[in-house]
Amino acid sequence: MCKGLATLPATCLKSAKDIKHKISFLLQKPEAQEADQKQQKQQKEKTSSAAKRVPSATEVKKWKESFSHVMSSEKGRAVFASFLRSEFSEENMHFWLACEDYKKTAPPKLVTKAKQIYRQYVETDAPQEVNLDAATREETRQNMENACPSCFDEAQRVIYVLMEKDSYRRFLKSKRIEGPFQTQATVERKEMKLCNFAEDRQVLAGGA
């Protein structure tokens with residue numbers, strides 16, 4: 001991002017991004033629009049469902065240990081996606097999940113699904129374009145000529161590293177991870193105090 005854009009308020013960046021997404025979406029063919037809408041709806045429903053469950057202190061502790069623990073946990077991904085949304089970079093998680101889903105695609109559907117992912121996230125001015133370097137973007141474009149389960153592997157790796165080195169560090173300092181952890185820790189401390197109080201009462205009752 002150039003310095004000029006970096007100085008703009010976050011609301012302006014979000015508005016510009018939303019406009020870009022809407023224009024790109026309108027330019028897509030009807031069948032592509034329907035497929036993209038269905039994929040995004042499924043991702044949002046899955047994320048929303050996972051986000052409703054309050055993480056335990058053990059889970060949050062794991063997330064703080066490494067980014068891989070966040071990404072290997074459905075709840076961790078949901079909380080991290082929520083954080084990315086606040087930074088207007090949720091497309092990185094959407095792309096990573098789309099790549100994971102793509103690897104499980106039946107061979108006859110690989111070409112169609114690969115095109116959908118490429119149009120949605122990889123090509124220049126895509127509705128949810130992810131931040132790939134020119135070499136990786138070109139390599140992915142060439143891979144599209146012979147779609148296979150691994151054709152997005154390098155692009156997915158680049159976005160994973162980007163999230164780990166950039167967004168994850170800010171995520172660790174955010175309320176989205178500190179809040180649940182502190183809340184859960186407070187509950188556990190209260191439960192411990194109640195247990196100690198009950199034990200003390202039993203001791204006193206026995207002494208009496």
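The model is predicted, so local features need pLDDT of at least 70 and side-chain atom pairs count only at pLDDT 80 or more, while totals for chains, interfaces and linings use all residues. Residues are numbered from 1 along each chain as its sequence is written, and side-chain values use heavy atoms, with hydrogens and water left out.

I start with the elements. The protein has eleven helices and zero strands; helices (H or I, at least four residues) and strands (E, at least two) are DSSP runs, numbered from the N terminus. Of its 208 residues, 35% count as buried. Buried means under 20% relative accessible area, exposed means over 50%, and partly exposed is in between, with a 1.4 Å probe and protein chains only. A contact is heavy atoms within 4.5 Å. Among contacts with a separation of 6 or more, 64% are between residues 24 or more positions apart.

Next, the core. A nonpolar core is a set of buried Ala, Val, Leu, Ile, Met, Phe, Trp, Tyr and Cys residues joined through side-chain atoms within 4.5 Å. The largest one here has 35 residues, and those with the most contacts inside it include Phe80, Tyr102 and Phe171. Elements giving two or more residues to this core include helix 6 (74-86), helix 7 (91-102) and helix 10 (153-172). Leaving out residues up to four places away in sequence, Tyr102 touches Leu110, Ile117, Cys148 and Cys151, among others.

How do helix 6 and helix 10 cross? Their axes, lines fitted to C-alpha atoms over the stretch in contact, with angles from 0 to 180 degrees between N-to-C directions, come within 10 Å and cross at roughly 90°. That makes the two helices roughly perpendicular, a label for angles of 65 to 115 degrees. Helix 6 brings Val79, Phe80, Phe83 and Leu84, and helix 10 brings Met163, Ser167, Tyr168, Arg170 and Phe171.

Ser73 is buried, at 14% relative accessible area.

Last, the cysteines. Which cysteine sulfur is closest to that of Cys148? The one in Cys151, 5.3 Å away and too far for a bond. A disulfide is a pair of cysteine sulfur atoms within 2.5 Å, and the structure holds zero disulfides. Cys148 is partly exposed, at 27% relative accessible area, whereas Cys151 is buried, at 2%.

Key. Angles under 35 degrees count as roughly parallel, over 145 as roughly antiparallel, 65 to 115 as roughly perpendicular and the rest as oblique.
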